[in-house]
Every structure is written in structure tokens, then in C-alpha cells.
Amino acid sequence: MAHLLVTGGAGFVGSGFVRHVLENTDHMVSVLDKLTYASSLASLRDLPSKRFRFVRGDVTDAALVDVLFAKVDAVVHFAAESHNDNGLNDPSPFVTTNLVGTFSLLEAARRHDTRFHHVSTDEVFGDLDLNDTARFTEDSPMRPSSPYSSTKAGSDLLVKAWVRSFGLRATVSNSSNNYGPFQHVEKFIPRQITNLIAGRRPRLFGRGQNIRDWIHVDDHSAAILAILERGTIGQSYLVGAEMELSNQAVVELILGLMGRSTDDYDYVDDRPGHDLRYANDTTRLRTELGWRPRFVDFEAGIVSTIDWYRRNEQWWADVKDRVEARYAAQGR
Ligand code: NAD
Ligand code: TDX
């Protein structure tokens, strides 16, 4: 049995990873999370108390981080400011958490020789043209467009430098867009589902033609665990399920599945600098580590996600109005 420290474990992908690890291994898990607006302790309810600990704290707090690293075998780093629209409004916490926070963890990993996995995004590679058939690979150049993606790219580079300069035992994963239960309602898919439950119309930025490459959050967790256990030190791995769809196609699918007319949505102001298309070539993850996505039926994954938001209104209802007020102020 190993003891893992999971930063950002009260967020969407981090809490999914914690549940995945507790269900599929005998590892002990400690979570370090600041409990920002994006978190929810309810996402970590009913976990086996003998194998799970929660610590409220900031990844930039070097003294706290040092104490925690002394107790664990490996660290999986999810903690981040994660939402592009917020980064466009105020980039400051993105720089602090994504860059300075990662630096603070890397220094602790160096002191304690801790195995470190850094969770990142395909957005570090910028975007692809809508009509292009190319996909990102691990060798694609970094060309981030936004405050969010540039601070993630910077954190990936810090990890790579700590591997080369200090021999840190680290890996990086760059995933495409995740969907599934426990995702904050500021994000695209849960925003549209909860809009429909709450009597609002879905909102498409621009003309809805931008393309995202969707993966179920549980498939992302399985990929991270495989990389942590069997990945090559110093390598990056792209993660994705080859599920490219335009935002309009996703909204039409959700509308149809929720019993509404498929043109029952509004176009709103576009996101400044809005990345056009993301698409990941995951050959390395598949061939080197034998990983395969389990959720290959996107429609079935969306059906169960809709069902989760319908059954768990208490998880999101309190924050919904605040999120919509914030979007309204941005014209979106
Ligand atoms: P999220 O916003 O849902 O959760 C982030 C979590 O980090 C929250 O619980 C928050 O409280 C915590 N946090 C923020 N700042 C902190 C700090 N200074 N100290 C400690 N904890 C802090 O984000 P998410 O969607 O779950 O993304 C998690 C990670 O996965 C991020 O690093 C993100 O870049 C990466 N990622 C996400 C996706 C996606 O589609 N959601 C795709 C690729 C990569
Ligand atoms: O209401 C909306 N309408 C809309 O058209 C919202 C919230 C979004 N969009 C569009 C913007 C994007 O093209 O949908 C797409 C997805 O938007 P987000 O959910 O905000 O995700 P994105 O900006 O693509 O980034 C996400 O995936 C990669 C996560 O937020 C990142 O943390 C992750 O790294």
C-alpha cells in the first residue's frame, strides 16, 4: 500500500481521481485543498475514513507542503485555477496558484525525493484550425493563448526543468476536456444541463463552432493512475478519448436528451481569444501503458451525467445563480 497526496482533491477531476484510487487500489489518500469557490467537500463524502484524510491548505504554503510531503510516497498535483473565463477577468490567482503553487510543490518534491505527477491540459499547445485534421502530440510546440493555459504551460515547463536539473522523478499528463459528475456549473456541459433544469436556455459562445475533444473524467483518472504506476520518468502523456465535437453538436445532443427542441438555445458574446479546436493523439498512452477509454459511447456518458445533475440538485443549486450573474456581467 502507498500513501498518495492529492492536491486539488476537492475539485472536479481531483475528487474523481480520489474516488477512483480508493475504489481500485488499496492506497491511502490525503487531499490538500484550499477550498476555493470551485471546490466542494460534498464531492468527497462517504469515503473510507481509514484510508482518506483531508487537509485544508494552500499549495503555495511551503511550510505546510513540506510537512505533508514528509509523510507520503507520491503526489498527484491537480490544484489549479481552472476556468478560462475567470482568468480573462482576473489572471492574478492563476499566476499564484498555477505557477507559484507548482513551484512550491516541486521544491518539496526535490527535498523529499517524492514521485510527482503533474496534471495538465492540452490547452498548453494552443489551438488547431477547425478544418485541420492534425492532432496535438507530446512533441507539439507550446503555444498557449490564455491566462489559464499560459500558466499551465509554465507549470509544465517547471516540472520538466526540475526533472532535468535536479533528477526529480516526475511525469506530466495533458488531458483534453473532461465531463461527468461533480463538475462545477461554470463549465460548458454542466452549465447547459443545469440551465435546462433551472428553466434557462443553453448559451453558445460565438457561433458554437469551436471543437473540443471530450473524455469522461473516470477515464482520465485511470490514465493518471497508469502513468503514476508505470509511466516513464520525465515524459509527458497526452490523454483523450478521440471524441471531437463542436459545442453546437453537444448542446443539440443535450437538448434532445432532455426532451427539448434542438434549436432551443441562444448565441452569446464570444470568449476573447477563444481557442478554435483541440484534439489529442494518445498513441503513447495507449501503446506504452496499454490504457484504453472505457466510456466510448459519448451519448451514454451524457445521459448518465444529465441524470446525475437531476438527482443532485443540492450539490449545485446554491452556486448556480452566482455563476449566471457572473456570466451575465460578461455578456455571456
Ligand atoms: P477545479 O477548478 O474543479 O478544481 C480545482 C481544485 O483546486 C479546487 O478544489 C480548488 O479548491 C483547488 N485549489 C485551487 N487553488 C488552490 C491552492 N492554491 N491550493 C490548494 N488547492 C487549490 O478544476 P478541475 O477541472 O478539477 O481541474 C483539475 C486539474 O486538472 C487542473 O490542474 C486542470 O488544469 C487539469 N485539467 C482539467 C481538465 C478539465 O477538463 N476539467 C482537463 C485537463 C486538465
Ligand atoms: O456557456 C458556455 N458556452 C460555450 O459555448 C461555456 C461555459 C463554454 N462554452 C464553450 C467554450 C469552449 O469552447 O464551450 C467550450 C468548453 O468550455 P469550458 O467548459 O469553459 O472549457 P475549456 O475552456 O475548453 O477548458 C476546459 O477544458 C480544458 C477546462 O475548463 C480546463 O480546465 C481544461 O484544461
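A polar contact here is a pair of N or O atoms within 3.5 Å. The model shown in every view is predicted.

**View 1. Ligand 2 and its polar contacts.** F188 makes one such contact through its backbone: an N or O atom there lies 2.9 Å from an oxygen atom of ligand 2. S82 also uses a backbone N or O atom, at 2.9 Å from an oxygen atom of ligand 2. Q192 contributes from its side chain, with a polar atom 3.1 Å from an oxygen atom of the ligand. On its own, ligand 2 has 660 Å² of accessible area, and the protein covers 94% of it.

**View 2. The shell around ligand 2.** The ligand is surrounded by 22 residues. The closest are E123, Y148, R191, R271 and H274. Sorted by class, the shell holds six nonpolar, nine polar and seven charged residues. Helix α6 supplies at least two of the shell residues, and so does strand β8 (203–205).

**View 3. Ligand 1 and its polar contacts.** K152 places a polar side-chain atom 2.6 Å from an oxygen atom of ligand 1. N178 works from the backbone, where a polar atom is 2.8 Å from an oxygen atom of the ligand. T97 faces a nitrogen atom of ligand 1, with a side-chain N or O atom at 3.0 Å. The protein covers 97% of the 830 Å² of accessible area that ligand 1 has on its own.

**View 4. The shell around ligand 1.** There are 28 residues around this ligand. V13, D33, S82, Y148 and K152 come nearest. The shell divides into eleven nonpolar, 13 polar and four charged residues. Four elements supply at least two residues each: α1 (12–24), β5 (115–121), α5 (147–166) and β7 (177–179). Strand β5 gives the largest share, three residues.

**View 5. Residues listed for both ligands.**

**View 6. Helix α6 against helix α11.** Two packed helices are described by the angle between their axes and the distance between the axes. Here the axes of α6 (residues 188–197) and α11 (residues 313–329) come within 11 Å and cross at roughly 100°. Angles of 65 to 115 degrees count as roughly perpendicular, so α6 and α11 are roughly perpendicular to each other. From α6, the contact is made by R191, T194, N195 and I197. From α11, it is made by E313, W316, K320, E324 and Y327. By class, the contact has three nonpolar, two polar and four charged residues.

**View 7. Two loop residues with positive phi.** Most residues other than glycine have a negative phi. L35 has a positive value, near 60°. L35 sits in the loop between β2 (28–33) and β3 (52–56). D113 also has a positive phi, near 50°. The loop that holds D113 runs between α4 (92–112) and β5.

Definitions and conventions
Residues numbered from 1 in each chain as written. Chains lettered and ligands numbered in written order. Predicted model: local features only at pLDDT ≥ 70, side-chain atom pairs only at ≥ 80, totals over all residues. Heavy atoms only, no water. Axes fitted to C-alpha atoms, helices over the stretch in contact; angles between N-to-C directions. Parallel < 35°, antiparallel > 145°, perpendicular 65-115°, else oblique. Contact = heavy atoms within 4.5 Å. Nonpolar A, V, L, I, M, F, W, Y, C, P; charged D, E, K, R; others polar. Near = heavy atom within 4 Å. Polar contact = N/O pair within 3.5 Å; in protein donor to acceptor, adjacent residues only side chain to side chain. Areas by Shrake-Rupley, 256 points an atom, 1.4 Å probe, with all protein chains shown as cover.
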